[in-house]
Amino acid sequence: MKKLLILLVAGLFFVSFTNPKISTSKGYDIGDKATDFELKNVDGKMVSLADYTEAKGFIVIFTCNHCPYSIAYEDRIIALQDEFGPQNYPVIAINPNDPEVNPKDSFELMKVRATEKQFNFPYLFDEGQKIFPQYGATRTPHVYVLNKENGENIVRYIGAIDNNHADANDVSEYYVKDAVNALIKGEKVKTDVTKAIGCSIKVKK
Amino acid sequence: MFLPQRYIYSTLLFTFMSTAVFSQNSVLSEPQKDIIDIAHEQLFAVINKDQNTVYVVNFWATWCQPCVEELPDFMEVNKHFAKDENFKMYLVTLDFARKKKELVIPFIQKNDIRAEVLLLDDNKRMNTWISLIDKSWSGALPATLIYKNGKSLFFKEGNMDKNELITQISKHL
C-alpha cells in the first residue's frame with residue numbers, strides 16, 4: 001500500500017510540475033498562409049482549393065487507407081463533410097503516403113476504399129509527396145482547418161479531429177467541429193493546436 | 001487531481017506484478033501472457049521508480065509497420081545491456097486496449113518479445129501526455145525516450161537502429 005502511494009504521488013508530482021508546451025515542428029503554424037495544390041482525386045479529376053469559389057474555408061485532412069487511426073475516423077470525416085460542406089467549409093482528404101512503402105495506400109486502393117465507404121469528399125493522392133511537407137503533416141490523420149481571409153487560405157487549426165479515436169461515443173472535446181463553428185461565427189478558435197497519436201507518414205528511407 | 005478508479009486498481013495490480021512476476025533484469029525469462037493497461041501518470045511513476053536506472057521507453061503498436069520493423073533491434077539492445085542492473089526497457093504499445101487479447105498478446109508471444117510491454121490506454125488525454133513525454137513529439141509512431149532521474153535525456157520521433165540506440169544509451173549508463 002505504501003509503495004502504491006509513493007508511485008501515485010510521484011506520478012502526480014511529475015504531472016503537476018511539468019508545463020506542456022505545444023510546438024509544431026516544420027510546416028505551418030497558426031496564422032500562416034496555406035498553399036494551394038493540384039492533386040488527383042479518386043475520380044481521376046484534378047482538384048485544387050481554388051476550384052471551390054464559394055468556400056469560406058477548408059477542412060484539409062491528411063489520412064490514408066492502412067492506418068487504424070485513420071480508419072477509426074472515416075465515419076467521423078464523412079460526418080464533418082455532411083455538417084460543414086453545406087456551410088462552405090468542405091472536407092478535402094489527402095493521402096500523403098508513398099505506396100511503395102505501404103502498398104495498401106496505392107491510388108488504386110484509395111479508389112476502392114472511397115467507393116466502399118462512399119466518401120462524400122474528394123480523396124486526393126499527394127503524388128511525389130510534395131504537399132504534406134509544406135503543411136508539416138507528420139501523421140495520419142492530421143487536420144488543417146483553413147479560413148478564407150482576404151482571398152488567402154489561413155491556417156486556423158492544426159491537430160486531431162477529436163479527443164477519442166477509439167470511441168466516437170465517448171468524445172469530450174470536438175476539436176475540429178469547435179474550430180470550424182468558431183470560424184463560422186467569426187470568433188477566435190480557442191484550442192487551435194492539438195496532438196494525438198497517429199501513424200507516421202510513410203516516406204522512402 | 002482526479003484519477004479514474006480503474007487506473008487505481010491497475011496501479012495496484014501493476015505494483016504487484018512488477019515486483020512479484022518480473023525480475024529486475026530488463027530481459028524477461030519468457031514473453032508476457034498478459035499486459036497491463038496504464039494511464040500516463042502510471043507510466044511516469046514507472047520510469048521515476050529508481051533514480052539510478054536508465055529507462056528506454058519505445059512507443060509502438062502492432063499495426064505500425066516501422067515500429068514492428070525496429071523491434072528486433074530493440075530486443076538485441078535489451079540483451080546487450082541485460083547485465084547492467086541500471087538499465088530497463090519498456091515497450092509501450094498504443095494498440096487499442098480492446099484488441100489486447102486478439103492482437104497484442106499473440107504478437108508478443110509469436111515474436112518472442114522479452115522486454116516488458118505496457119499498454120498506454122489514455123486516449124482522451126493524448127493532447128496532454130504527448131507533450132509531457134516530449135514537447136517535440138507530434139504523436140507519430142514509433143518514438144523513443146531515454147529517461148533517468150526524472151529527466152528526459154533523449155527523444156526521437158521515428159525509427160532507431162541498434163547502433164544509434166546503443167550509442168545513446170551508453171552515454172548515460
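**Notes on a predicted two-chain model**

1. Helices (H or I, at least four residues) and strands (E, at least two) are DSSP runs, numbered from the N terminus. Please keep in mind that this is a predicted model, in which local features need pLDDT of at least 70 and side-chain atom pairs count only at pLDDT 80 or more, while totals for chains, interfaces and linings use all residues. Residues are numbered from 1 along each chain as its sequence is written, and chains are lettered from A and ligands numbered from 1 in the order in which they are written.

2. Stay with helix α5 (residues 175-184) of chain A for a moment. Its buried residues are Tyr175(A), Val176(A), Ala179(A), Val180(A) and Leu183(A). Viewed down the axis of α5(A), these buried residues fall within an arc of 120°, so they line one face of the helix. The arc is that of the directions from the helix axis to the C-beta atoms. "Buried" has a cut-off: 20 or more other C-beta atoms lie within 10 Å of the residue's own, whereas exposed means 12 or fewer and partly exposed is in between, with C-beta atoms placed from the backbone. Among the elements covering the buried residues of α5(A) are β3 (57-62), α2 (68-84), β7 (142-149) and β8 (152-159) of chain A.

3. Now for chain A as a whole. It has 5 helices and 9 strands, and from the N terminus on they run α-β-β-β-α-β-α-β-α-β-β-β-α-β. Of its 205 residues, 40% are buried. Among the contacts in chain A with a separation of 6 or more, 73% join residues 24 or more positions apart; a contact means that two C-beta atoms, placed from the backbone, lie within 7 Å.

4. Where do the strands β6(A), β9(A) and β5(B) come together? They form an open sheet in the order β6(A)-β9(A)-β5(B), with mixed pairing. β6 (139-140) of chain A and β5 (140-141) of chain B stand at the edges, each with a single partner strand, so one side of each is left without a neighbour in the sheet. Two strands pair if DSSP finds at least two bridges between them. β6(A) and β9 (residues 198-200) of chain A are antiparallel over 2 bridges, and Arg139(A) has Ser200(A) in β9(A) as its bridge partner.

5. In chain B, have a look at strand β2 (residues 54-60), where 7 of its 7 residues are buried. Val54(B), Val56(B), Asn58(B) and Trp60(B) point one way, and Tyr55(B), Val57(B) and Phe59(B) the other way. β2(B) pairs in the parallel sense with β3 (residues 87-93) of chain B over 7 bridges, and Val56(B) is bridged to Met89(B). The chain gets from β2(B) to β3(B) through helix α3 (residues 65-80) of chain B, in a right-handed β-α-β crossover. Right-handed means that, with the strands pointing away from the viewer, the path from the first strand over the helix to the second runs clockwise. β2(B) also pairs with β6(B), in the antiparallel sense over 5 bridges; there Asn58(B) has Thr144(B) as its bridge partner.

6. Finally, helix α5 (residues 126-133) of chain B is mostly covered, with 6 of its 8 residues buried. Trp129(B) and Ile130(B) are among them. The elements covering the buried residues of α5(B) include α2 (40-47) and β6 (143-148) of chain B.
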